[in-house]
Amino acid sequence: MPAADLLQRLEEFCAAQRPNWPGWAAVALGIGIATYFSLMIEPPLWLGPTCTCAAVVAVYFLRRQPLLMVAGAGLVAVAIGFSVASWRTEWVSAPQLNRSLYRAEVTGRVIEVELYPGSLRVTLDHLKISSEKTGQLSQDVLPERVRVKLAKVTDPIFIGDWLKLNADLQPPAPPSVPGAFDFRRQAYFERLGGVGFSLQAPIKTAATDLAFAPLDAVLAWFDSLRLTIGRRIQAELPGATGAMAMALIVGNQTALRANDVQAMRDSGLAHLTSISGLHIGLAAGIFFFGLRALLALVPPIALRYDIKKWAAVLALVGAFFYAGLAGMPVPTQRALVMTGVFFCAILLDRSPISMRVIAFAAIVVLLVAPEALVGASFQMSFAAVLGLIRVFDGSRTQFANLRRLGRDAPDLTGRIIGGVERSGIWLGTLMLTSLIASLMTAPYAAYHFDRLTLYGIAANMLAVPLTGFWVMPLAVLALIAMPFGLEHWPLQAMGWGCDLIIWIAHLVADWPGAVVLVPAIPVVGLLLMSLGLIWLCLIIGRLKWLGLAVLGLGFLTPLTQRAPDILASGDGKLVAVIDEDGQYRFSSSRAAKISAETWLRRNAQVKRLSFPKVAVAAPSLDTHQRRIDAMQTAATAILPPAKNGDSCTAAWCRFDTRMGYVAVALTEAGAGPACQSSKLVISLEPIETGCRSADYVIDFFDLWRHGTHAIWINGDGTFTIRRAADIGQRPWALQRFPKPAQPVETAPVEDNSSTGASGRSDDPGS
């Protein structure tokens with residue numbers, strides 16, 4: 001094909017996509033943000049604005065070349081996204097703890113209270129923190145906020161209270177395994193510098209005078225109102241019923257029981273507990289149609305004014321208030337922006353359902369909180385709405401014709417038949433909505449949660465109508481009645497619906513094969529799946545079907561990688577070794593619960609298996625003698641090797657691998673014998689005297705400094721190590737004390753992992 005013809009076709013193709021250019025602008029903005037978060041070093045603040053200016057200049061000079069101008073405009077959006085992410089990181093910059101603080105004295109102001117079953121969790125700011133070992137923390141290392149779960153509460157705690165408490169504080173944790181969810185990064189953008197739990201009941205102290213901040217005052221008012229409403233719901237609806245009601249009304253999911261949360265996930269109903277588009281849409285719709293009906297009852301107003309627009313304005317105010325109660329999470333922000341555009345379209349007599357609505361919402365959310373892009377909430381909520389708009393906007397005429405069935409029937413029988421047909425259409429629309437939302441969010445559920453729910457459509461068909469036509473209207477009625485103390489009956493009736501939702505969740509979750517576990521998907525797989533879905537929804541013309549091929553490639557990417565052969569947790573409490581069947585075997589059945597659950601999930605493994613059976617020494621009545629017996633057992637007692645050559649004692653285990661023996665020292669007594677017979681040694685205790693006979697050593701301090709170690713053993717006997725905390729020089733990276741260089745030669749590893757012995761001088765305890 002001649003170059004001129006190819007150029008002309010490309011220009012025609014780009015011109016045909018013009019209706020969806022705002023959507024591609026949002027995609028380009030997201031590419032810039034994703035580029036920023038993928039870097040291993042923190043870029044200078046001037047880099048993004050400089051690239052933006054350069055791209056704008058390029059667009060100006062290329063304005064007579066349509067294709068190049070469009071490409072340049074895309075680069076402008078990419079550079080803006082990069083700039084926004086960089087400046088947002090600088091804006092929220094605050095210290096994070098890099099070491100544990102035990103029995104620390106913490107004083108601060110309560111800015112958030114979360115209700116838990118039987119306890120509370122509070123977030124404090126304006127902190128003073130001291131411990132016996134560190135003394136008073138200076139301002140350059142003092143976190144701006146910490147989150148503490150209270151062990152005991154004697155007096156009611158409210159937003160704005162000043163508390164003094166003793167707590168064990170931990171740094172926000174890095175990923176449980178390289179490539180997994182990074183809680184430390186999320187905490188950084190929340191300005192959360194530490195998490196922990198209190199050791200005794202908090203004491204209320206005198207308030208400290210602070211400068212008045214209007215925005216903080218508004219947010220504090222919403223937080224206080226949310227807490228008050230939550231407590232009144234708990235008083236009327238105790239237990240699981242009240243927890244579900246709180247999740248639906250004020251967005252507080254922490255009060256839900258663990259088994260109920262798991263059932264909601266396994267049944268595909270977890271979105272009901274997160275206030276998002278469904279809840280905001282239902283609340284706004286109830287406000288809109290209810291207010292319009294009330295205004296229609298007043299003839300002087302209904303006949304003289306456009307009550308539809310009045311109702312739209314008041315409904316938007318109500319939706320904003322409801323979003324404020326939910327705390328403005330990302331799905332709520334997106335839904336609120338889209339609701340605002342929807343009602344603005346009503347005010348301007350325009351159609352509110354279009355790709356421009358979701359594009360505008362995405363651009364606003366990404367400009368305000370660019371870090372939301374890398375979270376599951378943003379990805380799943382926008383994917384679901386993108387698919388729904390693409391299908392229903394493209395089938396607008398067909399759905400309009402279906403809704404008119406039977407309305408013009410000449411007799412009662414025809415109207416009844418038409419009503420039945422419309423009911424069937426409504427049910428079919430609900431099924432289609434659930435199917436589209438499930439398909440669009442499936443790639444992100446597989447990537448972030450390593451699971452797919454097979455019966456989500458059935459569960460949503462039962463629970464969503466119940467939520468929309470029973471639970472949410474009663475929730476709105478309860479909120480309206482609450483200032484007058486009349487919320488008892490609306491909440492009681494709402495509770496019946498909440499109980500039914502929980503019952504549906506457990507019913508569907510217990511069906512055979514309700515959940516399919518998926519091996520960990522690499523980042524490139526997520527990018528390919530996202531590109532495929534976006535291409536399917538935004539491209540106009542037959543070329544859109546290429547998105548299916550790209551989507552399929554993304555789902556195949558787990559086949560290109562294999563799970564680590566060995567995992568050692570960053571807290572030095574757990575080691576997992578893969579067996580011949582591809583299943584992880586764990587050194588403990590209880591320790592490091594979060595890490596273990598993550599490892600199991602990413603390996604598509606259900607059961608937590610144990611290391612080979614341990615040889616147990618004969619019992620001894622004398623404590624000193626028992627310790628001597630344990631040392632001797634660790635040094636000499638080995639179970640007869642199994643067919644794969646693996647064996648264990650109470651103090652250490654040895655595994656026969658392609659690279660030779662790998663030893664895991666479980667106790668201090670097991671470090672010595674582990675070092676004598678293995679090429680690779682992993683010790684859950686510090687190794688003080690060195691381990692010269694081993695080629696490579698990972699001890700407690702290596703795990704403490706660099707987080708979870710993932711080890712792949714290659715076919716040629718070499719091995720590769722990746723460490724969870726090695727994310728580059730980023731503001732949220734975990735920086736422990738440096739470790740002196742070791743003279744021991746290292747095996748071929750990735751990320752320059754340290755080797756050799758560790759000294760007690762770097763003791764992390766404080």
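Let's start at Val 313, which is partly exposed, at 41% relative accessible area; that label covers the range between buried (under 20%) and exposed (over 50%), with a 1.4 Å probe and protein chains only. This is a predicted model, where local features need pLDDT of at least 70, side-chain atom pairs count only at pLDDT 80 or more, and totals for chains, interfaces and linings use all residues. Residues are numbered from 1 along each chain as its sequence is written, and side-chain values use heavy atoms, leaving out hydrogens and water.

Val 313 sits in helix 11, residues 307-325 (helices are DSSP runs of H or I, at least four residues, and strands are E runs of at least two, numbered from the N terminus). Together with Val 317, Leu 347 and Leu 348, Val 313 makes a nonpolar surface patch of about 350 Å².

Six strands run in the order 13-12-11-10-19-20, forming an open sheet with mixed pairing. Inside it, strand 11 (575-578) and strand 12 (584-586) pair antiparallel over three bridges, with Ala 576 opposite Phe 586.

How far can you trust it? Mean pLDDT, the predictor's confidence per residue from 0 to 100, is 83, and 87% of residues reach 70 or more. However, pLDDT stays under 50 over residues 615-643 and over residues 739-766.

Note on methods:
Contact means heavy atoms within 4.5 Å. Patches are made of residues with over 30% relative accessible area and no salt bridge: like charges are joined within 9 Å, nonpolar side chains (Val, Leu, Ile, Met, Phe, Trp, Tyr) within 5 Å. Accessible areas come from the Shrake-Rupley method with a 1.4 Å probe; for residues, only the protein chains shown count as cover. A salt bridge is a side-chain nitrogen of Lys or Arg within 4 Å of a carboxyl oxygen of Asp or Glu. Two strands pair if DSSP finds at least two bridges between them.
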